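Dear colleague,

I am handing over the structure placed below, together with an account of what was found in it. Please look through the structure before reading on.

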Amino acid sequence: MTTPLLLSIAIAGVLLLLWLVIKMKVQPFIALLIVSLLVALATGIPTGEIMKVVTSGMGGILGSVTIIIGVGAMLGRMIEISGGAESLARSFTRLMGPRLMIAALTIAAFILGIPVFFDVGFIILAPIIYGFAKVANVSPIKFGLPVAGVMLTVHVALPPHPGPVAAAGLLNADIGWLTMIGLVICIPVGIFAYWVAKMLNRRQYALSVEVLEQLQMAKPEDTANTGSSSSAPSAGLIAALIVIPIAVIMLGTVSATVLPAGHSVREVMSLVGSPAVALLLALALAFWLIALRRGWTLEKASGVMGDAMPAAAMVIMVTGAGGVFGKVLVESGIGKALAETLTTIHLPLIPAAFILSLALRASQGSATVAILTTCGLLTDAVSGLNNIQLVLVTLSACFGGLGLSHVNDSGFWIVTKYLGLSVADGLKTWTVLTTLAGLCGFLITWAVWLAI
């Protein structure tokens, strides 16, 4: 199948998906599956292989996020019902004042996002976003949009995240230099993303029913079972429950870096420091410190955690369907055709890395796949470059993978569902934010390249 035809099918598939979700109000999970099947048929994937591709795409995404979303939702629900999120938010308000709350949480998200995967960190911070929004009496989008933006920025550009680490390996770029230069560039990009999110938040966006319910004050029966506001968990306890899983994940990452393969401590920490186990540890602590020590019955504690699952299930299903769509686009050859088209244009190296990665990101959804594919295509082109130049090419590809997060990206659905955004508003906010942040990172990287 010719490249123009493959690209036309991809564009038609995205437009059909947007029409189904925005205009026809089809549930995103169903719309994603329908469009994935149609694109698979149109691009010539054998009919006997289509369901294998669908299953692979669904399983590939859900295998990494299901436990994290499920356990994270339970932890968040327990913190929310106990009044802990509001307790933490009120403490921040007293310490910093309401005008600096969004900036403070964004800075914290930037730091936490360095060792923690984007989806894990955002899910951990979700109950705090809700608590801050409730105390400040504003939409959670005011907090959530800049938080998600800076977390994704460091996720795509800084080690130990898989995209930049693997890309550095492909291009033989030095990880140490990548970390230092990447951090220096990510700081102004994060500030820019915060400013863009602030501009986007000047407009009011309608929230989903699920998020509106999350923001409602606790019902009288909840107060009766969990205690009054005066018995709510302290801000320090809630902060500890958030920091502990992140610290455990960091320890797992550090041990894998500094200890030799086969070391017993490294093996143990690789398990304990996995996001799922770290969150289970935090949930166990929350069960003891929030529920049992405050007089909740076992039935009440179980019911609170169970109440978190319906909303989590919807996020999981839509995220998985997004993975299906991305997998179909990859297996159909659309991403490869686009990459080959762009490499024939013979752009300068830094713009070529950014544009190629951005186009691949838009065509198949995964930032990591876009970054790695781009760097794989550029391995011959970078021969003869010094360490700093190799790092800058790597970063240019990384910032290309930051932009154009839209309906074929599982992260798009996680952010929009947790923040209560419609698909149309998600495109107007999250897609715009990621694209402008990626462009900012690329321009700074290109400026450094030209300077040296």
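Predicted model: local features only at pLDDT ≥ 70, side-chain atom pairs only at ≥ 80, totals over all residues.

Helix packing

Two packed helices are described by the angle between their axes and the distance between the axes. Each pair is presented in those terms, followed by the residues involved.

On the H1 side, the contact is formed by Ile9, Gly13, Leu16, Leu17, Leu20 and Val21, while H2 contributes Pro28, Ala31, Leu32, Val35, Leu38, Val39 and Ala42. Sorted by class, this contact has twelve nonpolar residues, one polar residue and no charged ones.

Helix H6 (residues 118-136) and helix H7 (residues 141-157) have axes that come within 9 Å and cross at roughly 160°. That angle makes H6 roughly antiparallel to H7. The crossing in which H6 passes H7 is right-handed. From H6, the contact draws on Phe118, Gly121, Phe122, Leu125, Ile129, Phe132, Ala133 and Ala136; from H7, it draws on Phe143, Gly144, Val147, Ala148, Met151, Leu152 and His155. Twelve of these contact residues are nonpolar and three are polar, with no charged residues.

How do helix H21 (residues 410-419) and helix H22 (residues 423-451) cross? Their axes come within 10 Å, at an angle of roughly 105°. An angle of 65 to 115 degrees counts as roughly perpendicular, so H21 and H22 are roughly perpendicular to each other. Here Gly411, Phe412, Trp413, Val415 and Thr416 of H21 meet Val423, Gly426, Leu427, Trp430 and Thr431 of H22. The contact of H21 with H22 comprises six nonpolar and four polar residues, and no charged ones.

Rolling a probe the size of a water molecule over the atoms shows where empty space is left. A search of the whole structure finds one cavity of 30 Å³ or more, and the largest cavity has a volume of about 30 Å³.

Which residues line the largest cavity? They are Ser139, Ile141, Lys142, Asn201, Arg203, Gln204 and Tyr205. By class, this lining has two nonpolar, three polar and two charged residues.

With kind regards

Conventions:
Residues numbered from 1 in each chain as written. Heavy atoms only, no water. 1 Å grid on protein atoms, 1.4 Å probe; cavity = no way out; pocket = protein on both sides within 12 Å on 5 of 7 lines; lining within 4 Å. Points joined across faces, edges and corners; volume = space filled by probe spheres on them. Nonpolar A, V, L, I, M, F, W, Y, C, P; charged D, E, K, R; others polar. Axes fitted to C-alpha atoms, helices over the stretch in contact; angles between N-to-C directions. Helix = DSSP H or I, 4+ residues; strand = E, 2+ residues; numbered from the N terminus. Parallel < 35°, antiparallel > 145°, perpendicular 65-115°, else oblique. Left-handed = near helix turned anticlockwise from the far one by under 90°. Contact = heavy atoms within 4.5 Å.
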